[in-house]
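Dear colleague,

Please find the structure below, with the sequence alongside. My notes on the packing of its helices follow.

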Amino acid sequence: MKIDWAALGSVFGVSLAVTVGLVALFTLGIAGLSRRERAVARGNGGGALAVTGAYVCFAACAAAVAYGIYLIVGKG
């Protein structure tokens, strides 16, 4: 049995980059919700843009997870 170390390293690198990207995206979503909470606490009505950005971040995370599951399960 021969192990293709270059391919294994490539898979590791891509999975690490995607994981860090998803964590960063989710963190941006949490930060957006936090900004809205601060705006409400101060009495500044607004915060709609922060909530919209947070929902976009969460939707992108969900789409990336769904695509990963699609890749794992296969095309049928």
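This is a predicted model: local features need pLDDT of at least 70, side-chain atom pairs count only at pLDDT 80 or more; totals for chains, interfaces and linings use all residues.

Residues are numbered from 1 along each chain as its sequence is written, and side-chain values use heavy atoms, with hydrogens and water left out.

Helix α2 has 26 residues and reaches 37 Å from its first C-alpha to its last, close to the 38 Å expected. Helices here are DSSP runs (H or I, at least four residues), numbered from the N terminus.

Helix α1 (residues 5-42) and helix α2 (residues 48-73) pack at an angle of about 155°, with their axes 8 Å apart; the axes are lines fitted to C-alpha atoms over the stretch in contact, and angles run from 0 to 180 degrees between N-to-C directions. That makes α1 roughly antiparallel to α2 (an angle over 145 degrees).

Buried residues (under 20% relative accessible area, 1.4 Å probe, protein chains only) are G29, G32 and A39 in α1, and V51, A54, C57 and C61 in α2. Those of α1 pack against α2, and what covers those of α2 includes α1, contact meaning heavy atoms within 4.5 Å.

Just after α2, G74 takes a positive phi of about 105°.

Best wishes

Terms used: Helices (H or I, at least four residues) and strands (E, at least two) are DSSP runs, numbered from the N terminus. Angles under 35 degrees count as roughly parallel, over 145 as roughly antiparallel, 65 to 115 as roughly perpendicular and the rest as oblique. Buried means under 20% relative accessible area, exposed over 50%, partly exposed in between (1.4 Å probe, protein chains only). The expected span of a helix is 1.5 Å times one less than its number of residues.
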